Amino acid sequence: MNKIIEIKNQKLLRIINTLVLISVFFLYFNTLYANGYTEKNTNQSKLFNIGKTASKKEIAGWDIDVRPDGHGLPDGSGTAADGEDLYDEKCSSCHGTFGEGEGSWPKLIGEHSSIKTGISPEKTVGTFWASPSTLIDYIHRAMPFTEPQSLSWDETWAISAYVLYLNDIIEEDFIFNRESFASVKMPNFGNFVTDQRPDVHAIRCMKNCKKVEDISIKVALLGYASGAEDADQYTSGGSNSQKDETPMEIKKTLGQETYDIACKICHDQGVAGAPKIEDSQAWEARLKQGIDQLFAHANEGFQGTNGFMPAKGGQSQLTEKQVNDAVEYILIKNNLQMEKQ
Amino acid sequence: MKFIDKNNIKSEAKKLKPLDRRSFLRKAAVITGVSSAGLLSASNLPPNIPSWSKKLGRAVNVNPYGLPSKYAGNVVRRRVPWLTPDNIASISFSPLAEIKGIITPNGLVFERDHGGVPDINPDDYRLMIHGLVDRPLILDLDDLMRFPSESHIHFLECPANGGMEWKGPQMGRLQFTHGMNSCCEWTGVPLKYILEEVGLKPEGKWILAEGSDGAGMSRSIPISKALEDSIIVYAQNGEPLRPEQGYPVRLFNPGWEGNTMIKWLRRLEIGDKPYYQREETSKYTDLLYPYDKDRQHLKGKAYEFSFTMEAKSVITFPCPEKPLKSHGRYILEGIAWTGTGKIKAVDVSFDGGVNWVEAPLKGAVLDKCWTRFSIPFEWKGQELLIQSRAIDYTGYVQPTYNQLRGARGVNSVYHNNAIHTWRILKSGEVQSVQLSCRCDDE
């Protein structure tokens, strides 16, 4: 019996010992805290003091924005006359020779009155943009589409001047630079207002909110699958096309779609030694090597005597079939499709 | 190279011997997408033992980063090729009909890119903060992760979501009418901590946020938002941001239009005025041509800095992708969200908005977050016009198309939060429709 009590006492003793140890550790830990491991007992600010101070040179390299009040305007200058050749070379394949826009790429010119009348408004640089700073900033920041941040500031001033000239906003010989910037007024300046939403105050009506006979139903013209990449995967659901108003863009052949994505940039203008799309003789000569050879070069890339063709035009996400479709599209355009067999 | 053309399959097959012909047709069926599913499946149904029960499955960790079942191949983002001139500055849509709960899996979050998706080595990542601050700083990814982090579940919606529907119904699937919208748990540093670190000057009122992608995407953000709840985000749904969501770092402005949430964030410049970048003047402004008589003075004007995503909802079942297959009892389900805070209530109509009934909210109701609603209904084969209407805590009620067009016209492209209508046909198929459009009435 005594023995049992003794064992029990020993157990108790061990527990007490452990508790004492824990308390000592806790006290010690608390001392550590008190000695500066927590914020409450430090008189320092809450700053982390991490990271590295940005030098003026580092900031200058990245600080590319330009503001309507002239903040950030760069050095350099240019005229529309300076910008014309640059524009033709770097911009016209998408935006059109006169800013009219190729395909569905953005137009740069338009009717300013269309913004007011509400009928097919043309939201272009000339008709909608409120400040020339936005044009300078954007051209330098994001254009040309395939080579962003490649233009010098002089080139940026010159191309900006040319786009303003296409819109009859400045004269051809207007020297566009930091000094003349403030004198350029955009037609649509002053037509932006602060967001007024909520601008609709609907009532939460629950019963008999309108007359059943007043309801007319308008059905989606395009049908649900139209235009989707994998439209033909869907065979069930509303066949709801009331009339054929399929936009022309949808009717483009698959090959043209790929062409516009991957090939147009070089093959429209003959950039980097690429045969132009309408150069039938060049394509006929290539076709003599056989269609498979053409497909292979388009898919795998090709180093020719005049230039270099990147694999899939640099658009590696395209499937082989999409690229082949584009090759066929070029041949069809040149009446060479019969040669395929 | 052999071409297999759908139209030529039969004539091609005729040239072959019977045995070859069968194999040719089988291959052609695979290539052209003619399904032969269903022929084999009966052997896996009761009382038979399914084939996978009588053998071993795949080994563990065959795909170190897990993949969905090969039978879930339909649950993917999709593009609408004609919407944009190329597939680099383009959009993919989330498959809302297939997504359950309030979290969008990372691979299904919609994308809107303006200059393609860059691949950024995190070792080369830097965030520069400068302008009206005491200490201009350059932070690397490790620095950012030393700041206190927070995780919040918020929706992410492109303000152009539904932009194709302003003039009339155009897209016929939920994925394309509402799919520029996803909802994730976002983790990162509240921007206010970083502004404390650099020492924000009192005259600093706006922040230019700039991406390092080929579009140099840039937007001006008022300092009040940055101090309220903007987050510098580096993780979504528990893992690093996906490249198409801005890996390694993006800005997140809860409840605001997705375009302000600059991806591949490289620079924050603090200034005293907004910067009027291309994407906040030429685009992402709302051109007005109001029909309402008391708003005629706004014709030709455009809202600028229209940041907040107003209350909106949509029914995700039934929908064009999920038709009704037989008569009987169903549970209608949908999602509601608002950039103003929490969703207070959602109403549902089965008769094109003549009568409404409140649909119970389902699961968590969080701030600036998808909120689920559901309500049972009996379908006896009649035609229905189903709608949902969200209400937020400011008292705002999701408007009809007529009301929205009255206030803004049809040219504004962005911020279409109108009540959407699905028409259930007698066959059970579901159409996307619009009701009594004022632009037709007048």
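Started with the domains. Chain A is assigned domain 1 (63-183) and domain 2 (250-340), with bounds that come from an automatic or database domain assignment. I get 31 Å between the C-alpha centres of these two domains of chain A.

Housekeeping: this is a predicted model, where local features need pLDDT of at least 70, side-chain atom pairs count only at pLDDT 80 or more, and totals for chains, interfaces and linings use all residues. Residues are numbered from 1 along each chain as its sequence is written, while chains are lettered from A and ligands numbered from 1 in the order in which they are written.

Next, helix H7 (residues 153-166) of chain A. Helices (H or I, at least four residues) and strands (E, at least two) are DSSP runs, numbered from the N terminus. H7(A) spans 20 Å from first C-alpha to last over 14 residues, close to the 20 Å expected at 1.5 Å a residue (1.5 Å times one less than the number of residues).

Buried or exposed? I found 11 of the 14 residues of H7(A) buried, so the helix is largely enclosed by the rest of the structure. Buried means 20 or more other C-beta atoms within 10 Å of a residue's own, with C-beta atoms placed from the backbone. Among the buried ones are A:Trp157 and A:Tyr162. Their cover includes helix H3 (80-90) and helix H6 (132-142) of chain A.

Then the chain pair. I see 84 residues of chain A in contact with 84 of chain B (C-beta atoms, placed from the backbone, within 7 Å). H6(A) gives the largest share of chain A's side, 6 residues.

Notes
Buried ≥ 20, exposed ≤ 12 C-beta atoms within 10 Å, placed from the backbone. Contact = placed C-beta atoms within 7 Å.
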